[in-house]
Amino acid sequence: MILLPISLLVACDDFLDVSSDDEILQKEIFSDGSGVRLAVNGVYKALSSNSLYGKNLTWGFISVLGHNYADESLPFGWEDYAKYEWKSSSCKTVAEEIWTTGYNVIASCNNIIQEIEKKDSSFFEYGAMEKDMILGEMYGLRAFVHFDIYRLFVPAPATNYTGNAIPYVTVYPDHQPKHLDAKKVMELIVTDMTTAKKLLAKVDTVFCRSWNRSSTSRLKLTILGSGPDNFVGFRGHRMNYFAAAALLARMYLYAGDYQQAYANALEAYQFHEHGWFAWTPEDNQGNAPNLIDMHVKRYEELYMAFFNNDNYDNWENAIGTSYQWLLMKNIDKLFGEDLDDFRYKGFYNRHNDGRYLTWQRPTVTSSGSIVRSDIEGPLLPIIRFSEMYHILIECLIEQGKVSDAAELLNTLRTKRGVKFNQIPLTISAGDLKEKLVNDVVRENLTEGRTFFFFKRLNRGIYNGDTNIELTASQWTIPLPDSETSYQ
């Protein structure tokens with residue numbers, strides 16, 4: 001991996017300055033298929049690091065911003081995250097990590113795109129299909145990382161912000177990337193992800209069809225391989241067609257385009273409806289008789305999950321040996337009378353420590369728990385089909401189809417074990433929106449979606465008890481010092 005063009009650089013004018021040694025190495029890396037695959041794998045390794053989705057943009061920084069954890073249980077320095085103290089050293093450090101690593105990932109995507117587009121299909125082991133696969137992945141990841149940087153460092157479209165945003169970098173190297181206005185950045189994000197979806201459609205529904213229909217083939221859940229080799233197999237760990245459609249739905253919704261959000265969410269949802277992606281069984285959620293039976297990442301439902309073998313170690317390094325850190329916030333109030341909800345009775349407090357199971361190492365040492373630890377521990381959930389339910393529900397409410405939206409939310413809640421408190425189909429649109437808000441929080445605890453959800457709506461963060469109202473400056477992280485000094 002040290003051969004890859006991902007380096008820990010700082011300001012935008014610094015990243016991707018190519019020396020003669022780099023150019024020689026570049027030619028060697030892209031001289032054969034194995035070098036190309038190494039470069040692609042390096043992108044996913046960086047995405048799975050603590051700086052991005054291995055910690056900061058899943059269970060760490062972003063979940064603190066969303067108030068998933070009790071304030072009194074935050075490790076030293078993390079309380080600044082919950083208070084949105086952007087000028088504190090702890091917040092500045094995380095902002096720099098996300099910005100720097102994110103733009104280096106984007107740089108690597110651009111480098112790979114430029115090199116791959118030059119090559120004839122015959123260069124690749126699986127011909128045009130593999131070329132489209134790599135290009136689709138890199139275009140999709142370029143859009144994906146820009147989007148999360150945009151969501152952190154730029155005011156939400158709901159605020160009608162039209163000023164300068166962030167650089168949208170599409171060439172390698174780019175020594176002086178320009179900051180574009182917010183609307184233009186959002187347009188480029190959507191364009192790149194649309195390109196990715198088109199390139200990956202045939203790859204994942206034709207070439208990879210047979211192993212994409214099963215979670216145990218999409219994800220690395222056994223020692224057995226998936227597909228002809230591990231590079232084109234295990235598509236759930238890479239940008240794929242289903243994830244691209246789902247992420248497009250997320251992006252359009254953030255931009256306020258309900259029509260396109262609905263269309264793309266429905267496209268992704270239909271593969272779940274036709275059995276490609278299944279609900280996690282009851283006996284592996286809230287009705288699990290033993291902890292070793294829990295599917296703590298609900299892997300059956302994932303469109304895409306990155307992978308980090310050090311997940312448990314990283315989590316334990318954050319909480320140390322104390323049982324007081326990263327306890328859940330207002331869980332009893334969040335779930336109210338829905339005590340049968342699997343997300344409450346199954347995932348919360350199963351170790352009697354007030355935490356969620358998602359990131360915890362199994363405490364027992366049976367062979368079953370070791371297997372569960374090995375196969376689910378490394379997973380970093382990025383997007384799952386339950387989010388498509390939430391998007392479709394919100395869009396249906398906007399369309400005035402409140403009873404249809406309520407029925408869909410009842411379906412989701414039932415699959416999560418809520419059988420006694422069904423939502424009446426005669427519910428008002430306003431009341432249903434509040435039910436939806438509550439369910440979004442329940443569904444995404446510690447997975448990094450809560451803060452972005454409320455920022456998009458430009459409303460207070462519901463933490464299970466009250467709404468935490470944020471000022472305009474609290475919603476948006478200032479650009480890192482390295483970037484402002486460059487400007």
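Visitor: What makes up the lining of the largest pocket, by class?

Guide: The lining has 6 nonpolar, 7 polar and 4 charged residues. Nonpolar covers Ala, Val, Leu, Ile, Met, Phe, Trp, Tyr, Cys and Pro, charged covers Asp, Glu, Lys and Arg, and polar covers the others, Gly among them. This is a predicted model, where local features need pLDDT of at least 70 and side-chain atom pairs pLDDT 80 or more, while totals for chains, interfaces and linings use all residues. Residues are numbered from 1 along each chain as its sequence is written, and side-chain values use heavy atoms, without hydrogens and water.

Visitor: Which residues lie nearest the centre of the largest pocket?

Guide: N41, Y44, K45, S48 and F307 do, out of 17 lining residues. Helix α2 (33-47) gives the largest share, 3 residues, and both α2 and β3 supply at least two. The pocket holds about 610 Å³ of space.

Visitor: Why is β4 called mostly covered?

Guide: In strand β4 (residues 379-384), 6 of 6 residues are buried, so each has under 20% relative accessible area (1.4 Å probe, protein chains only; exposed is over 50%, partly exposed in between).

Visitor: What makes β3 and β4 a pair?

Guide: Two strands pair if DSSP finds at least two bridges between them. Strand β3 (residues 302-307) and β4 have 5, in the antiparallel sense, so they qualify. One of the bridges joins L302 to R384 in β4.

Visitor: What makes a space a cavity, not a pocket?

Guide: On a 1 Å grid over the protein atoms alone, a 1.4 Å probe fits in a cavity but cannot get out, whereas a pocket is an open set with protein on both sides within 12 Å along at least five of seven lines; lining residues have an atom within 4 Å of a point. The structure holds 4 cavities of 30 Å³ or more.

Visitor: Which element gives the largest share of the lining of the largest cavity?

Guide: Strand β4 does, with 4 residues. This cavity has a volume of about 210 Å³, and R250, I382, E447, G448 and R449 lie nearest its centre. In the second largest cavity, of about 130 Å³, the largest share, 4 residues, comes from α16.

Note on methods:
Points joined across faces, edges and corners; volume = space filled by probe spheres on them.
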